[in-house]
Amino acid sequence: MASKIFLALLFVSYVIAVSAGNLNQDFEITWGDGRAKILNNGELLTLSLDKASGSGFRSRNEYLFGKIDMQLKLVPGNSAGTVTAYYLSSLGNVHDEIDFEFLGNLSGDPYILHTNIFTQGKGNREQQFYLWFDPTKDFHTYSILWNPQSIIFSVDGTPIREFKNLESKGVSFPKNQAMRIYSSLWNADDWATRGGLVKTDWSQAPFTASYRNFNAQACVWTPSSGSSCSSNNPSSNQSWMKQSMDATGQARIQWVQKNYMIYNYCTDTKRFPQGLPPECTIA
């Protein structure tokens, strides 16, 4: 019965939205006291951090499945101690969350791309990567594909991580809670760089990260009756809803993980002495 109710809600209560262009229409600044700005008639969004405060924004819409793309250019120079977070999240103690976090570093040392997935309030699914380019020199596209089959993280179209729906094996998967997009730039020098050994150099402030070219092919969740968001408004393209990782994608993930992955919770036996999480051992 619960699954039937879920499918019925899914049918009547979202529309497929294709969004691209004006960041004013898609996002609202949520904190930072003027440190976050939407510029150039909505084409560019910047977040800044100084010793007094960071800043952040969130999407105006909530989504329940989608393919989300955003171009980011990260804090240049000595970014040690700073974190630029870009993620999907629901609210509450048993929230779901899909995370990109970019951990700053000393000038000349690489950023760390930190990824994580929370289901029903439980995370601890970290994978970390170096990037194969300097993410501060130009904009690069960071994407999340989230559909009922899997979650796929990609960078410039190259998949770096897949989290499959293994509910049939007892692994929870985010599928019932709508999520907003959030992003923030904040000081985390107690842990972000070399475990907190390297602190933020405030003489380099303000630190700035930039965003542009947001694109969402996504199911927008509406908490109302949803009568205007029924099947009378079909999507022109829902191919992402059934998209899965093909052989080429799997090969690219393997290449990234072989050459650029620096931490994988699925191989951290010291952290999980009672046994690795079940999704790590299911073929």
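Mentor: A strand here is a DSSP run of E with at least two residues, and strands are numbered from the N terminus. Keep in mind that this is a predicted model.

Trainee: What makes Leu131 a loop residue?
Mentor: Leu131 lies between β10 (127-129) and β11 (140-146), in the loop that links them.

Trainee: Why is Leu131 called buried?
Mentor: Buried means under 20% relative accessible area. Leu131 has 11%, so Leu131 is buried.

Trainee: Which residues is Leu131 in contact with, leaving aside its neighbours within four places in sequence?
Mentor: They are Leu113, Tyr142, Val155 and Tyr260. Contact means heavy atoms within 4.5 Å. For Leu113, 18 residues apart from Leu131 along the chain, the C-alpha atoms are separated by 7.2 Å.

Trainee: And what of the protein chain as a whole?
Mentor: It has 4 helices and 16 strands, and 53% of its 283 residues count as buried. Among contacts with a separation of 6 or more, 68% join residues 24 or more positions apart.

Trainee: What makes a set of residues a nonpolar core?
Mentor: Its members are buried residues of kinds such as Leu, Ile, Phe and Trp, joined through side-chain atoms within 4.5 Å. The largest nonpolar core has 59 residues, and Phe100, Trp146, Ile151 and Phe214 touch the most other members. Strand β15 (residues 207-221) gives this core its largest share, 8 residues. There is also a second, separate core of 5 residues, including Leu103 and Ala188.

Terms used. Residues are numbered from 1 along each chain as its sequence is written. This is a predicted model: local features need pLDDT of at least 70, side-chain atom pairs count only at pLDDT 80 or more; totals for chains, interfaces and linings use all residues. Side-chain values use heavy atoms; hydrogens and water are left out. Buried means under 20% relative accessible area, exposed over 50%, partly exposed in between (1.4 Å probe, protein chains only).
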